[in-house]
Amino acid sequence: MLVLALDTATPASTAALVEVTADGLFGVAENRTVDPRAHGEKLAPEITAVLAEAGFRPRDLTAIVAGLGPGPFTGLRVGLATAASMGQALGIPTYGVCSLDALGRAAGPGRVLIATDARRREVYHATYADGVRETGPDVAKPADVAVNADKAAGEGALKYGDVFGLPVEEHLLYPPGAALVALAADRIREAAPSEILTPLYLRRPDAVEPAGRKPVLT
Amino acid sequence: MRDEPLVLGIETSCDETGVGIVRGHTLLADALASSVDQHARFGGVVPEVASRAHLEALVPTMQRALDEAGVTLADVDAIAVTSGPGLAGALLVGVAAAKGYALAAEKPIYGVNHLAAHVAVDTLEHGPLPEPAVAMLVSGGHSSLLLVDDLTAGVTPLGATIDDAAGEAFDKVARLLGLGFPGGPVIDRTARDGDPGSIAFPRGLTAPKDQAKHRFDFSFSGLKTAVARWVEARERAGEPVPIAHVSASFQEAVCDVLTAKAIDACVSNGVGTLVIGGGVAANSRLRVLAEERAARHGIVVRVPRPQLCTDNGAMVAALGSHLVAAGVAPSRLDLPADSAMSLTSVSVPG
Ligand SMILES: [Zn+2]
């Protein structure tokens, strides 16, 4: 089963093709651009390129897995809108996974802190033991994150490395496509019902109700 | 397919999620989801709230449009989407989705200009547009006068608001009068019981000194402040505020300026057709006054029905259909959402 994985929860736009078999996963191809302002422009060409590179057409896809964040909202929505529309057009299911979970899973054995940049001097964070989430996901100032791990991964961990005081897995800054798909592998194999892709916002919209009228006469 | 292309249009530039489907000049479906109720308590559109609502609404709205038209994505000749101008985050949801539909269904994509789409939608109701024409687009987000030489190639901006949009002025005055949001329909209603000549509110940028630089530009910020001052003076004097008279006089000031400048634009450019679009085009006084004044100069006024005046997917599909029929090259898959998209490009070049 050919599965497309998309993630735009970090400065990276990732499009990956992964083959899911009854007992395994094989990465077929992966495209990634790191540019926090360009998800809207980069992601779709990356998808066409990754399909063309591997010699497939969109109709060959069986399912789509998308990283639900948490991540900066505007970019995050690009991945989810793209995944949802492709799923609808192709009549195939879409499955959502937590983007931090993909990093946690890829980090392998041990206790690991995953942190990504939430802007406004904050991070999205979660901790994992042997790839399984123990706390989070949450959003906080780096200094307020309770560190209980042996190492860290994610671009937020690199940016605030001195605050966390943990060794950073520098090869693991953005959610890898294969890990995203691995998190949904059971659902893909069972052909579970398609899911509505709702972002893990973790923050409310900034909006204030207007106060009383300001006088204009002086 | 060139003559009667089947085109799907996606619109998410503000608070309406629209998906429309047209075949040539024929409207097959116009599905809409609005987040207007979620913005009401804030007295205006909150961009992040709108963006969240677009993401939720897109897939179901698309499904309703396809069902209504009785077609599938495989049937369409092209997908058009509003590339700009509009709220950046909101536009991006529609553009990303349009790309997903286009690349999955292997269809060409056209990123189009929202303002040009407001003009194109009129052809669904009144047939081909005589060119050149003048278009006046008035809504909560825009107040523009355009010279339309060729709807598929380029549109020349003649003027625009230098501060608030016309619809924004309606919203702000409605809030001031405690009438709620959105302000356009409610002021139109309350104004019916008032005397439009009872209070002399200012007509922005209509003084002789404004002719040189701002002949076709609008300004509604001074009008809004004048209404606020007038109302506050009444309240301070302990007198009741005659809401109907204030509404009627305010509305008259807006409509007077809009129609005077629109007709001037037609006459000075030797144009015989005026198209009015945008949410404020639904205002009853604006329609009457425009037709009265246009008739004196032999100008024909075309106003699409209210559902087509406000933001919708059909307008985007209508413009897309024009572009396909004219053989314009599609945009590329890296087309941007451009919140400040200029009118010199009707579609994003391929
Ligand atoms: Zn509009």
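**View 1. A salt bridge joins B:Arg302 and B:Asp122**. In this predicted model, the two side chains meet with an N to O distance of 2.6 Å. The count between domain 1 and domain 2 of chain B is one salt bridge. Across the interface of these two domains, three residue pairs are in polar contact.

**View 2. Helices of chain B supply residues to the side of domain 1 that touches domain 2**. Helix 1 (36-39), helix 4 (114-120), helix 5 (122-126) and helix 13 (313-325) of chain B each provide at least two residues of that side. Helix 4 of chain B gives the most, with six residues. By residue type, this side of domain 1 of chain B comprises 12 nonpolar, eight polar and two charged residues.

**View 3. Domain 1 and domain 2 of chain B bury about 1,600 Å² between them**. Of this area, 74% lies on carbon and sulfur atoms. In domain 1 of chain B, B:Val119, B:Asp122 and B:Cys309 lose the most area to domain 2, together 35% of what that side buries. Contacts involve 22 residues of domain 1 of chain B and 20 residues of domain 2 of chain B. The domain assignment gives domain 1 as 6-125 + 308-326 and domain 2 as 133-303, and their centres, taken over C-alpha atoms, are separated by 27 Å.

**View 4. Residues 37-168 of chain A carry the UniProt annotation "domain: Gcp-like"**. The annotation comes from an unreviewed entry. Over these residues chain A is 39% helix and 27% strand, and the end C-alpha atoms lie 25 Å apart.

How values were computed: Residues numbered from 1 in each chain as written. Chains lettered and ligands numbered in written order. Predicted model: local features only at pLDDT ≥ 70, side-chain atom pairs only at ≥ 80, totals over all residues. Heavy atoms only, no water. UniProt positions renumbered as here; feature names shortened; annotations may be inferred. Helix = DSSP H or I, 4+ residues; strand = E, 2+ residues; numbered from the N terminus. Domains from an automatic or database assignment. Contact = heavy atoms within 4.5 Å. Buried area = accessible area lost by both parts, 1.4 Å probe. Salt bridge = Lys/Arg side-chain N within 4 Å of Asp/Glu carboxyl O. Polar contact = N/O pair within 3.5 Å; in protein donor to acceptor, adjacent residues only side chain to side chain. Nonpolar A, V, L, I, M, F, W, Y, C, P; charged D, E, K, R; others polar.
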